[in-house]
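The tour goes stop by stop, with something to select at each one.

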Amino acid sequence: MVLLLALSLPACVSVGLGQAGERAAIPATGDDAITIASFDFPESELLAEIYAQALEAKGFRIIRALDLGPRELVEPALERGLVEFVPEYLGTALQFLHPQSKQVSGTVDVTRQKLTEAFRGRGVDVLASAEAEDANALAVTAQTSARYSLSTISDLVPIAGRLVLGGPPECPSRPLCLAGLESKYRLKFKRFEPLDASGPLTAAELASGQIDVAVLFTTDGDIPARGFVLLQDDRGLQPAENVTPVARHEVVARYGQPFTDVVDGVSAKLTTQALREMNRLRSVGSKTPRRVALEWLRARGLLQG
């Protein structure tokens, strides 16, 4: 795992020789830069860019480790100090740290407190949560919704055996994805098709009828653009999923309030609608995450020029 992490990270995180010539990753902590990582899906990269540019504008030196991988790779990298800052999602982060627990909640404050406690012994601080929230959701085309009278996830139960579900490759093992759908809703699909994390492949497969139901993020720009219908999570599988930056404690202690003021200032202006619109500009308008982040920050007075 250490070698995999090291090979996945940018050049700033070097690899040296340890005892008996073994390769070991050298932590990013202790230098004069903050290494910001994102997960391997576009919205996470966009969020990382937003915080990175806001911090750079205030004189912080930032190193980007974008599109690093799934949470199974990024969270251990954060704990080991190979990366130092990650824009997280409350409920999913907590569920990952305590997969067998019932600690996740639909309440932001409760979930954030539990996440703070979960990270405390791991050298990671939880910063202020944004109003912006992005959760897993099941989407169908308008035609499929009309054909089967689908408006809630429970409506899928009698017909799921005839339908193909598509989503991120890790979905079958995730408590908030297929594993949770099976336990909470007793859903049994015809099969699962591994695609991408609410990306263009999943959207294209759903639109073309190659899959019948898709796991998409609630802020996915393809939902309004393609007229997809989100099915209501009527049994409350999904917890509060507010965007919540987490950072190595050493970074917070070293840079103090000037650092947290910038991060919290961005989070205070980040809304669900804003995130949905930025995703639309990225996916439909074909703008890069860097450009979308730049324009959003300027429009909110968080960047000058």
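This is a predicted model: local features need pLDDT of at least 70, side-chain atom pairs count only at pLDDT 80 or more; totals for chains, interfaces and linings use all residues.

**Stop 1: the cores**

Select Ile-34, Phe-85, Val-243, Phe-259 and Leu-270. These residues have the most contacts inside the largest nonpolar core, which has 60 residues. Now colour H2. This helix gives the core its largest share, eight residues.

Zoom in on Val-243. What is in contact with Val-243, leaving aside neighbours within four places in sequence? The list runs to Leu-47, Tyr-51, Glu-88, Tyr-89, Ala-128, Ser-129, Ala-130, Ala-132, Leu-270 and Leu-275. Leu-270, then, is both a contact of Val-243 and one of the residues with the most contacts inside the core.

Next, select Leu-163, Leu-165, Tyr-185 and Leu-187. They belong to a second, separate core of 21 residues.

**Stop 2: helix H12**

Select residues 289-299, which make up helix H12. Which of its residues are buried? They are Pro-289, Val-292, Ala-293, Leu-294, Trp-296 and Leu-297. An α-helix has 3.6 residues a turn, so residues three or four places apart point the same way. Show what covers the buried residues of H12: the cover includes helix H2 (42-57), helix H10 (249-269) and helix H11 (272-283). Then step past the end of H12 to Gly-301, where phi is positive, near 70°.

**Stop 3: the disulfide**

Select Cys-171 and Cys-177 and show their side chains. Their sulfur atoms are 2.0 Å apart, and the two residues form a disulfide. A search of the whole structure finds one such link. Look along the S-S bond: the angle about it is -90°, and the link is left-handed.

Are these cysteines buried or exposed? The cut-off for buried is under 20% relative accessible area. Cys-171 counts as buried because its relative accessibility is 1%. Cys-177 is also buried, because its value is 4%.

**Stop 4: the largest pocket**

The largest pocket holds about 420 Å³ of space. Colour the elements next. Helix H3 (71-79), helix H4 (90-97) and strand S10 (213-217) each supply at least two lining residues. H4 gives the largest share, three residues. By type, the lining divides into 15 nonpolar, four polar and seven charged residues.

**Stop 5: the cavity**

The structure holds one cavity of 30 Å³ or more. To see its lining, select Phe-41, Pro-42, Glu-43, Ser-198, Phe-217, Thr-219, Asp-220, Gly-221, Asn-279 and Arg-282. H2 and H11 are the elements that give two or more residues to this lining. Three of the lining residues are nonpolar, four polar and three charged.

**Stop 6: Ala-197**

Finish on Ala-197, in the loop between strand S9 (191-194) and helix H8 (200-208). Ala-197 is buried because its relative accessible area is 11%, and the cut-off is under 20%. Show its contacts beyond four places in sequence: Phe-41, Pro-42, Pro-168 and Phe-217. Among them, Phe-41, Pro-42 and Phe-217 also line the cavity of the previous stop. Last, draw a line from the C-alpha of Ala-197 to that of Glu-43. It spans 9.7 Å in space, although the two residues are 154 residues apart in sequence.

Note on methods:
Residues are numbered from 1 along each chain as its sequence is written. Side-chain values use heavy atoms; hydrogens and water are left out. Buried means under 20% relative accessible area, exposed over 50%, partly exposed in between (1.4 Å probe, protein chains only). Helices (H or I, at least four residues) and strands (E, at least two) are DSSP runs, numbered from the N terminus. Contact means heavy atoms within 4.5 Å. A disulfide is a pair of cysteine sulfur atoms within 2.5 Å. On a 1 Å grid over the protein atoms alone, a cavity is a set of points where a 1.4 Å probe fits but cannot get out, and a pocket is an open set with protein on both sides within 12 Å along at least five of seven lines; lining residues have an atom within 4 Å of a point. Grid points are joined across faces, edges and corners, and a volume is the space filled by probe spheres set on the points. Ala, Val, Leu, Ile, Met, Phe, Trp, Tyr, Cys and Pro count as nonpolar, Asp, Glu, Lys and Arg as charged, and the others, Gly among them, as polar. A nonpolar core is a set of buried Ala, Val, Leu, Ile, Met, Phe, Trp, Tyr and Cys residues joined through side-chain atoms within 4.5 Å.
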